[in-house]
Amino acid sequence: MSQPTGEKPVEKSRDITEQTAEIKTAAPPTRRYRTVLFQAALFSTLGLFILLTFLVKTTTYFPIDLQITRAIQSIDSPCFSKLMTLISWPGFLPQSIIITLLLALILHQYGLHWESVSSLLAALFSGAINELLKDIVQRPRPAVDVVHVFAVLKSYSFPSAHVMFYTTVFGFYWYLAYTLPKRSLQRSLLLMLFGCFILLVGISRIYLGQHWASDVFGAYLLSGLILAGIVLLHQWGKTRFFVH
């Protein structure tokens with residue numbers, strides 16, 4: 001009577017051991033595949049951005065730039081115009097600095113110290129790289145005699161600083177809202193808020209006549225690379241210094 005009861009735990013333990021071994025042997029290929037896919041996406045994005053930068057350096061604007069601007073500006077709606085102005089407002093100085101510091105302070109107050117530092121690094125890298133590239137490319141902004149320009153800006157056009165700021169900084173906060181809290185209405189609202197700002201800022205910059213579509217597209221490409229680097233830096237620092 002005692003022998004059968006002694007065999008079952010042994011068989012069950014063997015099954016669990018075999019299943020665990022199968023999982024361990026299956027996990028590395030999956031991780032390698034995801035790593036290769038991620039690296040391929042990064043290099044493709046970088047290559048596309050370099051090509052676009054070369055073309056933009058030698059071209060004031062592309063025919064498709066003008067077509068896209070006129071198509072978006074053909075939307076005749078006071079509500080849409082106010083929405084586009086509102087979307088772009090946080091990206092101008094000094095409000096962009098105030099918003100960045102305020103959000104970082106909120107993270108710090110919640111005990112998310114490394115997240116707070118990472119968000120500041122995202123804003124710093126985004127602004128510094130944007131200014132550097134603008135000085136290198138020196139692409140003029142859309143002219144008032146070509147499209148409707150709501151307000152004339154004196155800085156260069158490529159790449160869009162608004163798009164880079166929103167995608168890098170608000171994109172990092174979107175990542176935090178997606179990974180840190182549990183599913184809730186507040187979490188969903190945060191994801192929608194940050195996501196809408198990132199998606200609509202490109203349209204707003206074109207609608208207001210302050211950027212060409214290629215400025216916006218290039219900014220999305222470059223800021224996507226910066227955001228990926230910030231996320232990787234955050235994960236590295238979190239596991240190295242803040243997880244015991």
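Biologist: How many salt bridges does the count come to?
Modeller: The count comes to three salt bridges. The rule asks for a side-chain nitrogen of Lys or Arg within 4 Å of a carboxyl oxygen of Asp or Glu. Keep in mind that this is a predicted model, where local features need pLDDT of at least 70, side-chain atom pairs count only at pLDDT 80 or more, and totals for chains, interfaces and linings use all residues. Residues are numbered from 1 along each chain as its sequence is written, and side-chain values use heavy atoms, with hydrogens and water left out.

Biologist: Which residue forms a salt bridge with D65?
Modeller: That's R139, and the closest N and O atoms of the pair are 3.3 Å apart. Helices here are DSSP runs of H or I with at least four residues, strands are E runs of at least two, and both are numbered from the N terminus.

Biologist: Is D65 buried or exposed?
Modeller: D65 is buried, because its relative accessible area is 1%. Buried means under 20%, exposed means over 50%, and partly exposed is in between, using a 1.4 Å probe and protein chains only. R139 is also at 1%, so R139 is buried.

Biologist: What about D215, which residue does it form a salt bridge with?
Modeller: R139 again, with the closest N and O atoms 2.6 Å apart. This pair also links distant parts of the chain, as D215 is in helix α8 and R139 in the loop between α5 and α6, 76 residues apart. Both R139 and D215 are buried. Through shared partners, the salt bridges join D65, R139 and D215 into one network.

Biologist: And which residue pairs with E115 in a salt bridge?
Modeller: K238 does, with the closest N and O atoms 3.0 Å apart. E115 lies in helix α5 and K238 in helix α8, so this pair ties together parts that are 123 residues apart in sequence. E115 counts as buried because its relative accessibility is 0%. K238 is at 23%, so K238 counts as partly exposed.

Biologist: Let's zoom out. How many helices and strands does the protein have?
Modeller: Eight helices and zero strands. Buried residues make up 38% of the 244 residues.

Biologist: Tell me about α5. How many residues does it have, and how far does it reach?
Modeller: α5 has 25 residues and reaches 36 Å from its first C-alpha to its last, close to the 36 Å expected. The expected span is 1.5 Å times one less than the number of residues. Buried residues in α5 include W114, E115, S116 and N130. After α5 comes Q138, which has a positive phi, near 55°.

Biologist: Now the inside. Which residues touch the most other members of the largest nonpolar core?
Modeller: Y166, F170, F172 and Y173, out of 42 residues in that core. A nonpolar core is a set of buried Ala, Val, Leu, Ile, Met, Phe, Trp, Tyr and Cys residues joined through side-chain atoms within 4.5 Å. Helix α6 gives the most to this core, with 10 residues.

Biologist: What does Y166 touch?
Modeller: Leaving out residues up to four places away in sequence, Y166 touches residues including W89, P90, F197 and V201. Contact means heavy atoms within 4.5 Å.
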